[in-house]
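User: I am new to this structure and would like to go through it step by step. Could you show it first?
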Amino acid sequence: AIQKLPVMFAIDRGGIVGADGQTHQGAFDLAFLRCVPEMVIMTPSDENECRQMLYTGYHYQDGPSAVRYPRGNAVGVELTPLQSLPLGKGVVKRQGEKLAILNFGTLLPAAAEAAEALNATLVDMRFVKPLDEALIAELAQSHESLVTLEEGAIKGGAGSGVNETVMAKRLRVSVLNLGLPDEFIPQGTQDEVRHDYQLDAQGIQQQILDWLAQ
């Protein structure tokens, strides 16, 4: 990173790993990479996004980059021609009211279900670093609350980056960070662990409702 070498890190097993067991849970990569200067961090939400981000990182010449993707099968989306993505730009997937869910990575399908049930805006943030600060500011002005969602440790993770932006820009919006808690994640299938930590669609929705009710 000091030398700004164009090295791309392809990080397999980002998030919950299922059969690989407790020692291989990919909980910490976003947190420990986010603090490294000059590092670009991308979180694909499906196999097409993963392809585009690997392509983007491979052709990025201004420093190191990282693409973190999960263990398991693809989800079956259409593959599009490869092109470099604009750095640090999120994509609005659904327009809602009052609440906006900012998703980083693999939990997008569950986030979409929760957003539909809650009539929330849904954004695929794509980049943990650089963050789309302009989009965050825009969402903060047009919504009452923001929810960040990541399949990684909450402490120091992507949601923490959103919190820092909100505070630095003095944005008047409350933020809920959803992800993995400050503990080692036990063995279980991906579906089991996501259910246990309320990171499936129903759990995400319930966590948001509980928070809004406070």
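This is a predicted model: local features need pLDDT of at least 70, side-chain atom pairs count only at pLDDT 80 or more; totals for chains, interfaces and linings use all residues.

User: Let us begin with the pockets. What volume does the largest pocket have?
Analyst: The largest pocket has a volume of about 510 Å³.

User: How many residues line the largest pocket, and which lie nearest its centre?
Analyst: The lining of the largest pocket consists of 22 residues. Those nearest the centre are Pro70, Asn73, Val75, Thr106 and Arg194.

User: Now the strands. Why is S5 described as largely enclosed?
Analyst: Strand S5 (99-104) has 6 of its 6 residues buried, so the rest of the structure largely encloses it.

User: Which way do the residues of S5 point?
Analyst: Leu99, Ile101 and Asn103 point one way from S5, while Ala100, Leu102 and Phe104 point the other way. The residues on both sides are buried.

User: Which strands pair with it?
Analyst: S5 runs parallel to S8, and 6 bridges join the two. Within that pairing, Asn103 stands opposite Leu149 in S8. S5 also pairs with S6 in the parallel sense, over 4 bridges. There, Ile101 has Leu122 of S6 as its bridge partner.

User: What unit do S5, H3 and S6 make?
Analyst: Together, S5, H3 and S6 form a right-handed β-α-β unit.

User: On to helix H4. Which of its residues are buried?
Analyst: In helix H4 (residues 133-142), the buried residues are Leu135, Ile136, Ala137, Leu139 and Ala140.

User: What covers them?
Analyst: The cover over the buried residues of H4 includes strand S4 (91-94), strand S5 (99-104), strand S6 (121-124), strand S8 (145-153) and helix H5 (158-168).

User: I also noted a few single residues. Where is Thr43, to start with?
Analyst: Thr43 is in the loop between strand S2 (40-42) and H2.

User: Is Thr43 buried or exposed?
Analyst: Thr43 has 0% relative accessibility, so it counts as buried. The cut-off for buried is under 20%.

User: What does Thr43 touch?
Analyst: Apart from neighbours within four places in sequence, Thr43 is in contact with Leu30, Met53, Arg68, Phe104, Gly105, Arg126, Phe127 and Val128. One of these contacts, Phe104, is also among the buried residues of S5.

User: Where does Glu38 sit?
Analyst: Glu38 lies in the loop between helix H1 (29-34) and S2. Its relative accessibility is 38%, and therefore Glu38 counts as partly exposed.

User: And its contacts?
Analyst: Not counting residues up to four places away in sequence, Glu38 touches Ala1, Lys4, Pro64 and Lys129. Glu38 and Ala1 are 37 residues apart along the chain, and 5.9 Å separates their C-alpha atoms.

User: Last one: where is Gln3, and is it buried or exposed?
Analyst: Gln3 is in the segment before strand S1 (8-11). At 62% relative accessibility, Gln3 counts as exposed.

User: How far apart are Gln3 and Pro64?
Analyst: They are 61 residues apart in sequence, and the C-alpha to C-alpha distance between Gln3 and Pro64 is 9.3 Å. Pro64 is also one of the residues that Glu38 touches.

Notes
Residues are numbered from 1 along each chain as its sequence is written. Side-chain values use heavy atoms; hydrogens and water are left out. On a 1 Å grid over the protein atoms alone, a cavity is a set of points where a 1.4 Å probe fits but cannot get out, and a pocket is an open set with protein on both sides within 12 Å along at least five of seven lines; lining residues have an atom within 4 Å of a point. Grid points are joined across faces, edges and corners, and a volume is the space filled by probe spheres set on the points. Buried means under 20% relative accessible area, exposed over 50%, partly exposed in between (1.4 Å probe, protein chains only). Contact means heavy atoms within 4.5 Å. Two strands pair if DSSP finds at least two bridges between them. A crossover is right-handed if, with the strands pointing away from the viewer, the path from the first strand over the helix to the second runs clockwise.
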